[in-house]
Each structure stands twice: as structure tokens, then as C-alpha cells.
Amino acid sequence: GGLGAFGRGMMLMTLACVLLHVAAFLTRYGDDEQLTLATYLSLCRCKIQLNNLIIPLGMLLCNDPKHQSALDAVELLVSFGVIFYGGCVYVMNAVSDLEDDIREKPHRPLPKRIFTVDHAKSFAVLNFALGMISGAALNGMLALCFYSLFLLLNLAYSFALRGWSSPVVPCAFVGLTAPLRLCMGAAFAQGTLPMACYVLTYMVYLAMHLQRKLVMQRDATKQPTSAATVSLIVVYAMLSITAAWQLDWSDSRWRWFLALYFASSINYVVLGLTPQTRFIVAAQVQT
């Protein structure tokens, strides 16, 4: 659980620090008029913050929750999603991805040299501290353990797996963050989730990351053949049906969850992996 009145007080102090933090970075550095709040939001990858909505999804779906409220979900999204993940983890990714982004995404703040690398690192360190403080205030050691695990996964992906020639291993590794977010939501609500829920969440996020890699792959010779694509879709469908069969379809929670899962699967697997329809998602990935 949280730390009661002390925890709420620490959360308010942290949010006050964040407001001061944002206000400070609204100030122009020297004569550079490009450095605005919008460029900081771009650096923090605000467009993909929707990934963190899996956390309140875990809180809503879990069995026998003992601690669940809209305020808890919002506080967790601010602490973890905005401050820690957006301001620290995504900024670290931007630093480690700099060479790739110069070639593939030159519109981002670091490739455009709106920020220096040292500036981005300082920004990440500050948000790491703010995220840890707010997480500890909200959920004590449980939050610190989850935050640290996410940070370790990101460091391993950024500095150990990024050079792999095949995208499968890095994508399989980074896909672990999706069920881990789901687990964090359930753990903070003090509830449990069936294993099939974690498996399905992992599968759709693995498909999403593979889709992004294929869309960004400009070498046509490295694209999967039609036969390989069909085989992959068949395997994905069989695993999906097997895992979905383990859920209680009489419970409306799992009917809604499966509807969301299969809609996402159509987008990421059928549209994303089929060469004829891959252009549909290409524009999204470029951002």
C-alpha cells in the first residue's frame, strides 16, 4: 500500500517540483528559440504514452482488487508514465538511438541538435530522481522494485540488444514491458490476473514491435516472404485461440479484453505484416 498522509504529501511535493521543472525548461536557452515545451514533450515521446494505459487496465481487470481508485490510477500514470518512463527511460532511448534517428527520424529533437546529448542526460537523471521519489511516496518498495526492473530492461535493450541483425530477439525482449505494466497495475491494486492475460498482452506487443521494425526496414530483400508472413499469422492465430480459451468468457471483463486484443491483432499482425497493407501504418511509425 501507500504511505498514507506522508505519501500524499510527498506526492504533492513531487508534483510541485515537476511544475517548477517544466517552468524552468520553458525558458529559452541563449538565443535558441526552438527550445520550447513542445520539444521537451517530443523528447519524452508523448505520442506513445498510450502504452502506459495498460497499467490502469491491469488495475481494472485484476481479480479481487483490495486497493483500486481513479485517483490511484492517475497518480501512478503521472509518477511512472510521465515522469519516470517519459522523462527518463524514453530520453535514455533517444540518446542510445541517436545514430539510428539521424538516418531514419531526423525530425526528432536530438538529431536536429535542439538538445545536446549532455542536456538530455541531465534531463533524464532529474526525472529519474523525481520518478523514484514519487513512486516511493505512492507505493513504497513495491514501486521502487517495479521502476528498477523497467530501468534494467531498458538498459539491457538499449546497450546490449540494439546491435542484433535480426529484429526478433530485441523485439521479443522489449515486448516484456507490456505484461510487466499489466502486472504492475494488478500488484498496485493488490489483485491477481490469469496467466493467459499476460500471454495475450505479450503477443500483441511483440507483433506491434515487429511491425514497427518491418515498416522502418527499407531494404526489400530483408522483408519476410508471403509464405513466411502467412505462417506467422497462422501461428499467431493458433496461440491466440489457445490462450483466449483459458479465460472465462462468461465474465464481461474478459469479453471486452478479448475484443480489444483481437482488434489490436488485426492492426498489428494482418495489416502490419502483410506487404500490401503495411503502408497503412507506416506514417504512424515515422513519428
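Just after helix α8, Q190 takes a positive phi of about 60 degrees. Helices (H or I, at least four residues) and strands (E, at least two) are taken as DSSP runs and numbered from the N terminus. The structure is a predicted model, in which local features need pLDDT of at least 70 and side-chain atom pairs count only at pLDDT 80 or more, while totals for chains, interfaces and linings use all residues. Residues are numbered from 1 along each chain as its sequence is written, and side-chain values use heavy atoms, with hydrogens and water left out.

Helix α8 covers residues 177-188. The expected span of a helix is 1.5 Å times one less than its number of residues; for the 12 residues of α8 this gives 16 Å, and the end C-alpha atoms are 16 Å apart, which agrees. Of these 12 residues, 10 are buried, where buried means under 20% relative accessible area, exposed over 50% and partly exposed in between (1.4 Å probe, protein chains only). The buried residues of α8 are T177, A178, P179, L180, R181, L182, M184, G185, A186 and F188.

The protein as a whole contains 12 helices and 0 strands. Buried residues make up 45% of its 287 residues. Of the contacts (heavy atoms within 4.5 Å) between residues at least 6 apart in sequence, 77% join residues at least 24 apart.

A nonpolar core is defined as a set of buried Ala, Val, Leu, Ile, Met, Phe, Trp, Tyr and Cys residues joined through side-chain atoms within 4.5 Å. The largest such core has 58 residues, and those with the most contacts inside it are F80, F84, Y147, M184, L193, L200 and F257. At least two residues of this core are supplied by each of α3 (54-61), α4 (70-96), α6 (117-161), α8, α9 (195-216), α10 (226-244) and α11 (252-273). Helix α4 gives the largest share, 11 residues. Apart from neighbours within four places in sequence, F257 is in contact with L61, C197, L200, T201 and L247.

With a disulfide defined as a pair of cysteine sulfur atoms within 2.5 Å, the count is 0. C88 is buried, at a relative accessible area of 2%, whereas C145 is partly exposed, at 49%.
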